[in-house]
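Welcome, and please open the model in your viewer.

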Amino acid sequence: MEETLLSSPRGASVWELKMFEHLTGHTRREGALLEGYLSAAKDTESKALSYLVDLLVEDERRHHRHFNELAASLKSDAEPGGAEPIIPRLDFDRVERDAMLEVTTRLLDNEKDDYAELKRLRKELADLEDTTLWALLVDIMLRDTEKHMAILRFVTEHAKPKRAPRRG
Ligand SMILES: [Fe+2]
Ligand SMILES: [Fe+2]
């Protein structure tokens with residue numbers, strides 16, 4: 001898998017340099033983990049195992065990307081005159097608070113319904129949990145739904161009054 005090699009940020013503080021090392025180190029470890037999964041998927045005769053490894057690979061690719069983006073964003077924030085960070089700065093003051101809350105509350109309600117629906121489905125699948133992958137997949141979707149709710153709660157908890165337009 002292709003590796004983006006980021007050089008250490010110039011003019012960074014001690015904390016920034018340490019954090020940068022931490023993030024790039026983690027990126028390398030995630031990369032190695034990913035290679036491990038990919039070879040496990042290649043070597044197995046079991047379709048079920050390779051299906052599950054594919055799920056893990058999908059997540060690990062994302063983790064790998066996130067760590068890369070964290071390191072790159074830290075670098076652009078640390079360097080004087082650095083580029084716009086890949087992970088955007090928290091600029092919720094650019095959107096209208098009430099409208100944003102209205103949308104996120106609605107989406108959060110949808111996720112809660114989804115969660116309840118998945119819970120019901122999970123119960124129905126109890127008899128199959130040791131003979132198929134189905135219950136496991138529903139368990140994973142329940143966790144995904146928890147993640148979606150966490151993202152939406154973050155937005156509602158950080159919604160801010162819109163910044164007054166600058167004058168003159
Ligand atoms: Fe990971
Ligand atoms: Fe969802």
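This is a predicted model: local features need pLDDT of at least 70, side-chain atom pairs count only at pLDDT 80 or more; totals for chains, interfaces and linings use all residues.

Next, colour by domain. The domain assignment of the protein gives domain 1 as residues 14-78 and domain 2 as residues 92-158. If you place a centre on each from the C-alpha atoms, domain 1 and domain 2 are separated by 24 Å.

Stay with residues 92-158, listed as domain 2, and show two helices there: H3 (residues 97-124) and H4 (residues 134-158). How do H3 and H4 pack? Their axes are 9 Å apart, at an angle of about 160°. Since angles over 145 degrees count as roughly antiparallel, H3 is therefore roughly antiparallel to H4. Look along the pair and you will find that H3 passes H4 in a left-handed crossing.

Now move to residues 14-78, the range of domain 1, and select helix H1 (residues 14-43) together with helix H2 (residues 47-78). The axes of H1 and H2 come within 9 Å and cross at roughly 160°, so H1 is roughly antiparallel to H2. Here H1 passes H2 in a left-handed crossing. Which classes of residue make up the contact of H1 with H2? Colouring by class gives 17 nonpolar, 8 polar and 6 charged residues.

Zoom in on Ala-78, which sits in helix H2. Is Ala-78 buried, exposed or partly exposed? Ala-78 has 19 C-beta neighbours inside 10 Å, and because being buried takes 20 or more, Ala-78 counts as partly exposed.

For the last stop, follow the chain to Ala-83, in the loop between H2 and H3. Ala-83 has 11 other C-beta atoms within 10 Å, so Ala-83 is exposed; the cut-off for that class is 12 or fewer. Ala-83 and Thr-27 are 56 residues apart along the chain, and their C-alpha atoms are separated by 21 Å.

Notes. Residues are numbered from 1 along each chain as its sequence is written. Chains are lettered from A and ligands numbered from 1 in the order in which they are written. Domain bounds come from an automatic or database domain assignment. Axes are lines fitted to C-alpha atoms, for helices over the stretch in contact, and angles run from 0 to 180 degrees between N-to-C directions. Helices (H or I, at least four residues) and strands (E, at least two) are DSSP runs, numbered from the N terminus. Angles under 35 degrees count as roughly parallel, over 145 as roughly antiparallel, 65 to 115 as roughly perpendicular and the rest as oblique. A crossing is left-handed if the near helix is turned anticlockwise from the far one by less than a right angle, and right-handed if clockwise. Ala, Val, Leu, Ile, Met, Phe, Trp, Tyr, Cys and Pro count as nonpolar, Asp, Glu, Lys and Arg as charged, and the others, Gly among them, as polar.
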